[in-house]
Every structure is written in structure tokens, then in C-alpha cells.
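Here is a friendly walk through a structure, one part after another. Have the sequence and the 3D view open as you read.

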Amino acid sequence: MTRWHLTAVLSVLGLATNCGPKGAGPKGPEAKAYGAALVEVSGGKQVAAIGTTLDQPLVVQVNDAQGGAVAGAAVSFRAGGGATVIPPEGLTGNDGQLTVSVALGGVAGRYQVTAITRDKAGKTIEWRTEEIALGYQQNLGRQLNDRYCSRCHDPESTAERVSNHDNLNAKPHAFTDGAFLNNVSDADLTSIITHGGAALNKSPEMPPYGGTLGKADIEALMAYIRAVADPPYRLKGLVYASN
Amino acid sequence: MDLRRKVAAAWAFLFGDSARAFGTLSLVLVACLAVVPAKDHFREWSRYQTRYLRLIRQRGDAATLQRRFQPGLQQTWLPELGVVDRCTTCHVAMKETSLADVSTQPFRPHPAIPHSLNEFGCVMCHRGQGAATTVEEAHSSTKAWEQPVLPARYFEASCGQCHQNSLTGTPQLNLGRKLLARYGCVSCHALRTAGAARMMPTNEPPPLTHVARKTTREWIYAWLKNPQAYSVSATMPDFKLSDADARDISAFLIDQSTPYQQPDASKSSSAAADAQEGASVYGESFCASCHAVQNAAGLMVGGDVGPELTRIGSKVKPEWLGTWLREPKLYAPHTAMPRYRFSEKQLGLLAGFLEAKTDSDLLANVHLDAATKEQIAHGKALVNERGCASCHELNGIKKPDNFAPDLSVAGSRSLAKIVFAPGVPHTLPDYLAAKIRQPSAFGSALKMPQYNLTPVQVDALVTGLLAQTERAEAIPAVLRVAGTPVLKYDPAGKAGKLMQDMQCFSCHAINGRGGDMAPDLTWEGSAVQRAWLLTFLKNPNTLRPALIRRMPRFNLTDAEAQTLTDYILTAYQTPAFDADSLDSASFTAEDRERGRQLFYSKYACQSCHIVDAQNDKGYVGPTLTEIGAKGTPAWTFHYLKNPQLLRPGNIEPNQSMSDADARALTAFLMAQKKAPAQEAAKK
């Protein structure tokens, strides 16, 4: 009996020592410098279809306590839920920046990407962003948004599309405006899209799309609006009584 | 000794007498019989089912979920599709939308899609081994079963098995198919979608039969060495030619070139032309609707129908440019470039402007000696070997048939038949992506050239190829959604010739043929008034202020504009309504006032259109200040009733207007025009 126990304990120890260096040891390049803060340069809060690589790379910068860029600082990335960051770690360049690309996971939702660096004392500094993955229905909604809605609802102009947002008396809500849109129920949102703003005593500048978009289209559009809301939209669940 | 005694004792204990032996054998038999139920009990899928039952026990709707749960092995069998799926054995909650918040697999419900899971099963879209009952075998490729689950980034490929048309919900697949045609993939590779004709290239590579007239051997050499150095947006791939090979091919191309009939090019003095004026001819002619130029910031400004013009002055010979601008079809009979009918002055200015777009670095290091016979012969051999004639027309070389492997079922290629390059994961999508990204990694003898593609384009191309499966070939024809057919519509007569000349179809579609850059003109004859069309053709003004690409001015003569106007008004009439059914004279001032109120209040048209240039600001749709002089009343009325009926795909929402509202609005809109006296005074 005792012999068996001893063997078991030894083998467990052996496993532990075998795994030890692999799990906990330092990986990636050795840091040549240390910063005091991590800031985003670009690439946070992007929207893309599930499984795809984001259009824009994610760029982060390591700064020292005075806000100056630190070259040669080691930054590693963590992404949850099947998203991958390529490369997962690296040293900042001469401008203090590190550029990585992010591929989203196969399930629709929000993916947290965390960048980690260490200061001189070895304390970890983290910075976090969210990237949004769209499933089939939400992606369809996105296409419809680009075609029908974004001309007025997106206040930003692009080279190919001049925004009509500022020409309207009642300023349309951007679809990312979760603070407002999250409080509009599915039924109300459907009504506004189907019957126009006038149906809910809102501005008639929002025309009715019920004759142009089908039921499935409108559902897709709603799924997209809910998916990109910031702060995120949460299902209300059943509300039995409210005071 | 010791051991032997122990064995003997054990034997005596188990089989010492007949009763003991019988008992022992019975126990062994029971144990043997227990193996099967025990194995069944410890199956992977039954563990998942137990875990699912534990999961739903905590939920509010546990009773309903439990009632709908079906224990045991589940199977979807769709013989006509060749689908045998047991996926729902573990993925038990596919249809339980109330579990939307569950994030652990395999218990997530399926997200919303336009198809029923019962009708199509799982492997149609996800691939993998539907009949397998273990996680490993169902999802990954094993020795016996080599079809793994399709990674999420290529999902749209599955839609493409049935849908040969371009769906709103599959942007990646649509892009992939467009790129297969645009980058000339299908010039070398045959690609047929099931039940359809071979995919045709859309890139229109220039013929090289008269290339020596167009450009120099030095430019050809530099271009062959690195097409992207000349034009960042070039679709021509890099063939990774050695200096000697590029030298010999350029020698051959110049040698095979024949003269073509160039009209007497008494070229105007372009060198002295004013750059400012040249730029304004370029602008007025809206060259940028089709051609791009890289600006100082490195951004491309302009369309991608024609080639990029950033360094055009370093490429073309001045006498060729003059002829080309005058008569493009003389050099390239199938070009999309319109004949502009420029005046001699305009020609000189434009040619001068374009010739000044040079890049001194491009040809700085190119020094070629006169070509020898051997070099020319070697060049010809190389041209044959590299399949140049698959895309370009050449003298003395025929377009090769099936130059590269057929890609019609590229998405079903057996892994066993693929030679993987080192470092490439052993899956079909990874192989396709790696091959497109860098063909030379698969061996230097490979003929496929190096393309300059972004990661998004590579993903799209892989998606397009993965849609070409054997399953797609075997699908019942009723399930197939055919692609939009490209119709061979050719207007006849004088007007037809004019339309060919101006390349109307490069931008406008008529009767199913043509581009989508500008409005569909199939029913244009019912839409517009004669006087307006005549003026517009002679001098197109801007209809939509927010648009960057616009209709160019073709410098038509009065007679040409007349011919075209007559043809459009006669031939392009819609059968949906009678053009004379509504007369502007029947509108009263009351109608107009009611229309005005509807325009500004009920329908808030001013949010997208401008009627009063002082106060209205909307610029999503066309400006309507002159609509009364442009549109016909009948068209306006019917368009208001249903914008998509007359212009399919139009983004103007269908407001389900009543006849009375539409009539009042028409009355208001038809009054939107300059008073004739005012117009006369202006002239």
C-alpha cells in the first residue's frame, strides 16, 4: 500500500515539475525597457463578421510616467472566447507602439482583448478593449444599415458617403448610442422602422421602411443595432412587476 | 516456486470443482455481457446529454425544456441532399431560443438564419462528419474521415453552394466571386458553378498586338519585373521573372507587335499646354469616375473601372495617347473607354496633362541592349510557358485551353491529393489561402504568379473557392438559386452605335446588361421630358450633390443628341403605365399647396431632397429644384407610389402613399422649375 502511494505522489510531483517551466516561465521576447502606462492608438471597438480578421490592426503604445513613448517594452495580448491575436506578444517599436492583428472567434458577441505590460517594479499594467463579432443575421443587418440607414444615422462622413446627419432637424441616434437605444423596446424599434418616426410621435424625417424592407430584414437590422450598442444591450428578461 | 504455488492455489479456488467452475464462468459471462451497456453508458454524447439535463434544471423554463429534450442518439437524414447528421445528439439545444445566454458548447442554441435546421441539417453549411458520434471525429479530420468542420471565417462559402446570385447577407462570398473574375483567376483556371456556364473574367486585360505603338520596351521590362511599382492598384500579378527572362519577354512583345491604323496624328503642342487647364479638362470629363490617381498622401482618388493613371506619362507614347483619346476602339476594340469627341484644343490639354504624370525613378535603372534573335525566341517560349495569352491577345500565339487546373470543385479537394508546403496546417482552407498568398512556397516550378492581395481579399477568394463543392454539384436543381444572367443586349441603329461609342453600359444598365455605377435606364423613356434629356445629354449637370462619380460630358453634336433622345424616349418605355395618363395641366394651385404641405410635413421629403435651395439641406437623393422640367407627371406619380417598381433596388423607401397624396405631391413637384421667362433672360 505505502509503495503504491509513494509512486503516485512521485509521479504527480514529476508531472508538476515537468509542466512547471512550460506554464509559468517567461515567454516571448525579453523586455529591453519598461513603461508606466498602456494606451490605445487605434483598432479598439471594431465590428466584423465572426471568424474574420479585423479590418484595422490593433495598435497600442507604452508610455513612461511622463507620457513619453517607450521603445522596447514587452507587451503581451490575451483574447477570450476563441479570438486570436497575431502575434500574441512583442516589443514596442521606436515610436513606442506595437501593432497586432485580431481574428475574432466563431461565435457572435463581444471579444475582450487585453494588452499587458510590466513596469520596472514588475507590476502588471493592463489595458482592455472590446471587439464585436457579428453573426449571420447581424451581418445582414449591417449590410442593410450601410445601404439604408447610415446615410443619416452615422454622423461621420467617409470619402464615398457624405453624412446627411447634420441636415436634419431631429438628429438621428447613432446605432452605437446604447444609452438611448437600449431603453427602446424591440416592439417600439420595430414600429419606428416599419411605420416611420411619425408613428411614435417622433420626427417624420424618419421615413417608414415597412414597404421596402421585409420582416426578416427588419429583424436583422434590429439584431445589428443591439449588437453594436455601447454600452452593450442586455436582454431584459421577464419583468413581472415594476414599481 | 512461490509463484507456481500461488497460481495453483488460485486455480483450485476458481475451478477446484464443477460448482466453482460453473460459478466462475457465469461471472465471466455476466462481465462480458455488461461490456456493451457499460460502454454505451460511458459514451461521450451521453455525458453531454447528462450535463445538459443538469444545466436546464436550474432554469425558469426547466419543465418545458425537459419535455422537449429527446434522449439517445439523434439523427437528421435528408437523402436527397446526402445529409446524415448526428450533431444534434450533443448539440441538443439547437432550437431552444430561451437558452440564448448560455455560452458553453455544445448547449448554445443556433443563431437566427433564414433556413430551417430540419430541412438542411448541419453539414450542408458547417461541413464536418455528420455521421460521427465523437467530438474528435465529427469536428476534426482523421485518417478515415477527412472533412473537418468549416472555420467560421469561411461560413459564407456554404451559402454559395446553392446561391449563385449575390446575396445581401454574404458580402465576403460576393467579393470572392467578384475577385475571381476581376483578378483574371478564371482566365487560366476553368470554373463552373453547378448548372451554370463557365465564369468569365471581367478584368479586360489589354490586347498586346500593337503594344510597341503604345509603350517602350523599357517600360514593359519594368512592368514585368514589378507591376505594382508602376501602379499600386494593378491587377497584373508578379511572375517573379529573372532580369534575363523579363528582357527576353519584352523583346518578344515588341517584336510580335504590328502597326495599327493610326489616324494622322497632327498632335497639338501639348508640351506648352497649361497644366491648370489640362487638369480642368480631366475634371470636367470626369475621368476620375473610372480612373484613379494616387494623391500626395498615398490615397487612391477615383474609380477602378479603368487603369490607374498616377504614372501614365512614363508609360505611353505621346502619339499613341493622342490617338487613344480620340478613338480608343482603334487600339483596343473591346475597351470600356468611351469616345469623348474632344476638340483639338481639349485633346492637346488633356494629353499634355497626362504626359506630365511621370515618375523619373521608374525607368531610371532600365538599360536594354538591342534584342537578339535568340532572345526573341526565348521570350516567345517563356510567353507560352507562362500562359500570357490566357489573358492578353498576342500575334501568333493562341489562347491556351485549360492552362491551369479546373477549379469547379476546388472546395471538395481531397486532402490526400494535396501536397502541403511546409508550415501550412493540413486543412483545405489553409491550403487554399497559403497557395493564393504565396504560390512559390509550393515549389519553384509552379506557374502560378504572385498576386498582391490584402488579407481580406485572400479570405474572400478562399470563400469563393470553398463554395465550389461536389455537394453543390449534386444538389437538386430546385434548390439552386441561379445567378443574375448577363444579358447580351445590343441596341441597334444609329443610337446603338452612339451608345457603343460612349460606352453607356460601362456605368448604366439597360435591359439587364451594364454596370451599376449609374441609374438603370431600362424605363428612362417614361421617366424624363424630351427637352430635359436633350439638354442633359449635351451638358450633364449634377443631379446628386453627394456623389463623387458623375456623368461625363461627351461633347455630342446636336444631331447626335437628337438621335439618342429620340431612341431613348421611344424604346425605353415601361409597360407599367401610360406615359400620357397624367397631365400637368390638370393640377390646380390647391393640389400644389397640399403637395407642398405633404412634402414638408407628412413625408418630410426635405430630409433627403432639396426643393428650395435656400432652406432645404437634404442630400441623400437627387436635388429636385428642376424636377418639373425633368420628370414626366405619370412617372413621378407612379414612382412616388412604389419607387422599387420602376427602379429595382432603389433606396427610396416605399411609403405606401395613397393615390390622392401621390397626386398632390406630383402637382407640387411638377411646379418645381425655373419660370421660362427667367430662363430666357439668363440666356
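## The order of elements in chain A

Follow chain A along its sequence and you read the pattern α-β-β-β-β-β-β-β-β-β-α-α-α-α. Counted up, chain A has 5 helices and 9 strands. Please keep in mind from the start that this is a predicted model, so every value below is computed from predicted atoms.

How much of chain A is buried? Of its 243 residues, 38% count as buried. Its accessible surface is about 13,500 Å², and carbon and sulfur atoms make up 55% of that area. Now take the contacts in chain A between residues with a separation of 6 or more: 58% of them join residues 24 or more positions apart.

To find A:Pro87, look in the loop between strand E5 (84–86) and strand E6 (89–91) of chain A.

Another cis bond runs from A:Asp230 to A:Pro231, and its omega is near 5°. Here the setting is the segment after helix H5 (215–228) of chain A, where A:Pro231 lies.

## Chain B as a whole

Now turn to chain B, whose secondary structure comes to 32 helices and 6 strands. How far does the chain reach? Along its principal axes, the C-alpha trace of chain B spans about 130 × 85 × 45 Å. The radius of gyration of chain B is 35 Å, while a compact globule of 683 residues would have one near 26 Å.

Buried residues make up 45% of the 683 residues in chain B. Among contacts in chain B with a separation of 6 or more, 62% are between residues 24 or more positions apart. The accessible surface of chain B is about 35,800 Å², with 57% of it belonging to carbon and sulfur atoms. As for charge, chain B carries 75 positive and 64 negative side chains, and the centres of these two sets are 5 Å apart.

Let us zoom in on a loop of chain B. B:Val149 sits between helix H7 (135–139) and helix H8 (156–159).

Leaving out neighbours within four places in sequence, B:Val149 is in contact with B:His126, B:Arg127, B:Gly128, B:Ala138 and B:His139.

B:Arg127 is in the loop between helix H6 (123–126) and H7 of chain B. Its phi is near 60°, a positive value in a residue other than glycine. B:Arg127 is buried, because its relative accessible area of 8% is under 20%.

## Another positive phi

B:Lys240 is not a glycine either, and has a positive phi of about 50°. B:Lys240 belongs to the loop between helix H13 (227–230) and helix H14 (243–256) of chain B. B:Lys240 counts as exposed, because its relative accessible area of 54% is over 50%.

## Where chain B touches chain A

What does B:Gln655 touch, not counting residues up to four places away in sequence? The answer is A:Pro207, A:Pro208 and B:Tyr603. B:Gln655 counts as buried, because its relative accessibility is 17%, under the 20% limit.

How many disulfides does a search of the whole structure find? Over all chains, the number is 0. Take B:Cys290: the nearest cysteine sulfur, that of B:Cys507, is 4.9 Å away, and B:Cys290 is in no disulfide. This follows because a disulfide needs the two sulfur atoms within 2.5 Å. B:Cys507 is in no disulfide either. With a relative accessible area of 18%, B:Cys507 is buried.

Note on methods. Residues are numbered from 1 along each chain as its sequence is written. Chains are lettered from A and ligands numbered from 1 in the order in which they are written. This is a predicted model: local features need pLDDT of at least 70, side-chain atom pairs count only at pLDDT 80 or more; totals for chains, interfaces and linings use all residues. Side-chain values use heavy atoms; hydrogens and water are left out. Helices (H or I, at least four residues) and strands (E, at least two) are DSSP runs, numbered from the N terminus. The radius of gyration is taken over C-alpha atoms; the globule rule is 2.2 Å times the number of residues to the power 0.38. Buried means under 20% relative accessible area, exposed over 50%, partly exposed in between (1.4 Å probe, protein chains only). Contact means heavy atoms within 4.5 Å. Accessible areas come from the Shrake-Rupley method with a 1.4 Å probe; for residues, only the protein chains shown count as cover. Lys and Arg count as positive and Asp and Glu as negative; His and the chain ends are not counted. The place of a charge is taken as NZ of Lys, CZ of Arg, CG of Asp or CD of Glu.
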